[in-house]
Amino acid sequence: MGAITGHKVVVELTYYGSETKKPEGKVVEIIGHVNDPGTDILSIVKAFGLTTEFPREVLTEVEQIPDEVERKEEENRLDIRELQMVTIDGEDAKDLDDAVSLTKNEKGYELGVHIADVTHYVRESSELDKEALERGTSTYLVDRVIPMLPHKLSNGICSLNAGVDRLALSCFMTIDNKGEVIDHKIVETLIRVDRRMSYTQVKAILEEPDSQDRIEFKEQILMLEEMGKVADLLRNQRQRRGSIDFDFPETKMILDEKGKPIEIKPYDRNVATKLIEDFMLIANETVAEDFFWQEMPFVYRTHDKPDPEKIEKLKTFINNFGYILKGDKETIHPKELQMLLASVEGKDEEALISRLTLRSMKQARYTPENSGHFGLAATYYCHFTSPIRRYPDLQIHRIIKDRLNGRMSKDRIEHY
């Protein structure tokens with residue numbers, strides 16, 4: 001294909017080689033020259049077999065999806081368009097799949113976590129659904145996102161943009177003054193987000209009395225301040241039970257117009273990002289517990305106890321620094337690891353010991369059985385909050401909606 005030395009290419013193997021002969025293949029695509037901007041990212045896309053374009057039949061289906069919520073949907077759902085709610089995301093976020101609301105009541109607070117009702121548009125076994133399953137998740141690369149769903153959905157009708165009607169699946173939780181969920185309900189809703197807010201704006205409102213953002217968002221200030229209190233209650237409750245918080249700085253790469261990296265800086269993990277994290281975690285726990293006790297087929301996010309041998313190695317290593325882990329290696333409690341991380345905070349060895357602690361733990365997985373989440377010290381946990389970019393979330397939304405609408409027949413249970 002006219003490839004020259006320095007080109008990155010996609011090769012189809014024609015002969016796998018032997019002990020005496022090297023493999024052979026033919027060039028089927030030239031990605032670009034190794035020095036050209038974007039060639040590195042495209043190489044990753046090709047190496048992992050990621051699909052960047054949507055098939056024609058998927059795009060044909062998407063054309064049939066309306067750009068706005070249809071009027072008939074008002075009859076079938078709880079209309080909460082008058083309820084004050086906001087989305088809080090990064091400045092450059094396009095797929096806004098969660099909104100939050102908060103009101104006070106006689107028992108404490110009613111926290112609402114409202115998630116885009118993606119399954120209303122992504123019907124089971126449709127071409128759109130098959131493609132989403134094939135992709136599994138959206139893929140985030142340094143300079144682009146390869147979405148699980150076409151932009152008309154992820155940035156359009158399924159994105160909870162401010163000032164427009166949207167369909168949602170809402171989890172309302174009554175939270176008492178200790179930070180415990182004492183009641184909840186899950187319901188299909190019709191919502192309208194009041195304001196789209198960024199983490200930076202919310203942080204300024206909660207931490208800077210003279211911030212200009214307090215003027216622009218004066219109608220949201222009271223709710224945001226109450227949200228800050230509730231997030232603190234939820235976080236304290238998690239910490240008391242032993243949840244491990246690995247506060248590693250995630251990195252954001254800044255590129256110039258040619259795609260060359262010019263700066264690497266940490267994402268700011270602040271009061272606003274933690275607030276949303278706390279709300280999403282409690283919604284995920286609440287939904288998982290609800291469906292566990294209903295004995296419904298479900299997809300949990302589970303995190304098993306660490307391997308005893310790895311814990312033993314970690315114990316030996318940290319002893320060199322004068323730290324100890326109490327408890328038996330077979331039955332270690334997450335609180336022990338939480339206390340270890342607290343004791344190394346701010347010390348020279350913090351990064352090293354934190355990373356080794358993380359590596360001594362198992363990876364979280366999606367499973368149909370609920371075995372709890374070790375790292376969060378949670379008995380029940382699932383991923384309910386991102387059906388735009390994670391297929392497992394999409395699937396449990398289907399299960400929830402089948403249950404809510406009386407469709408969970410014996411055949412349907414068998415199907416799941």
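A: Start with R398, which counts as buried at 5% relative accessibility. Buried means under 20% relative accessible area, exposed over 50%, and partly exposed in between, with a 1.4 Å probe and protein chains only.

Q: Which helix is R398 found in?
A: R398 is found in helix α13, residues 391-404. Helices (H or I, at least four residues) and strands (E, at least two) are DSSP runs, numbered from the N terminus.

Q: What is R398 in contact with, leaving aside its neighbours within four places in sequence?
A: With those neighbours left aside, R398 is in contact with T119, V122, R123, E124, D129, Y391 and Y416. Contact means heavy atoms within 4.5 Å.

Q: And how are the C-alpha atoms of R398 and D117 separated?
A: By 9.6 Å, with the two residues 281 apart along the chain.

Q: Before going on, what sort of model is this, and how are residues numbered?
A: It is a predicted model, in which local features need pLDDT of at least 70, side-chain atom pairs count only at pLDDT 80 or more, and totals for chains, interfaces and linings use all residues. Residues are numbered from 1 along each chain as its sequence is written, and side-chain values use heavy atoms, with hydrogens and water left out.

Q: OK, whole chain. How many helices and strands?
A: The protein chain has 14 helices and 15 strands.

Q: What does the radius of gyration say?
A: The protein chain has 24 Å, which agrees with the value near 22 Å that a compact globule of 416 residues would have. The radius is taken over C-alpha atoms, and the globule rule is 2.2 Å times the number of residues to the power 0.38. Along the principal axes, the C-alpha atoms fill a box of roughly 80 × 65 × 55 Å.

Q: How much of the chain is buried, and what about the contacts?
A: Buried residues make up 45% of the 416. Of the contacts with a separation of 6 or more, 68% are between residues 24 or more positions apart.

Q: Charges next. How many positive and negative side chains?
A: There are 59 positive and 77 negative side chains, and the centres of the two sets lie 2 Å apart. Lys and Arg count as positive and Asp and Glu as negative, while His and the chain ends are not counted. The place of a charge is NZ of Lys, CZ of Arg, CG of Asp or CD of Glu.

Q: Now strands. Is β6 mostly covered or mostly open?
A: Mostly covered: eight of the nine residues of β6 (residues 108-116) are buried.

Q: Which strands does β6 pair with?
A: Strand β5 (residues 98-105) pairs with β6 in the antiparallel sense over eight bridges, and a hairpin joins the two through two residues. Eight bridges also join β6 to β9 (residues 165-175), again antiparallel. Two strands pair if DSSP finds at least two bridges between them.

Q: What about β12 and β13?
A: Strands β12 (residues 251-255) and β13 (residues 261-266) pair antiparallel over five bridges. K252 stands opposite K265 in β13. Their hairpin has five residues between the strands, and there G259 takes a positive phi near 85°.

Q: Back to helices. Which residues of α1 are buried?
A: In α1 (residues 39-47), T39, I41, S43 and V45 are buried. The buried residues of α1 pack against β1 (7-15), β2 (24-33) and β8 (145-146). After α1 comes G49, whose phi is positive, near 65°.

Q: Last one, α9. Are A272 and T273 buried or exposed?
A: A272 is buried, with a relative accessible area of 0%, and T273 is buried too, at 15%. Helix α9 covers residues 271-293. Neighbours within four places aside, A272 is in contact with Y199, V202 and K203, while T273 is in contact with Y199 and D268.
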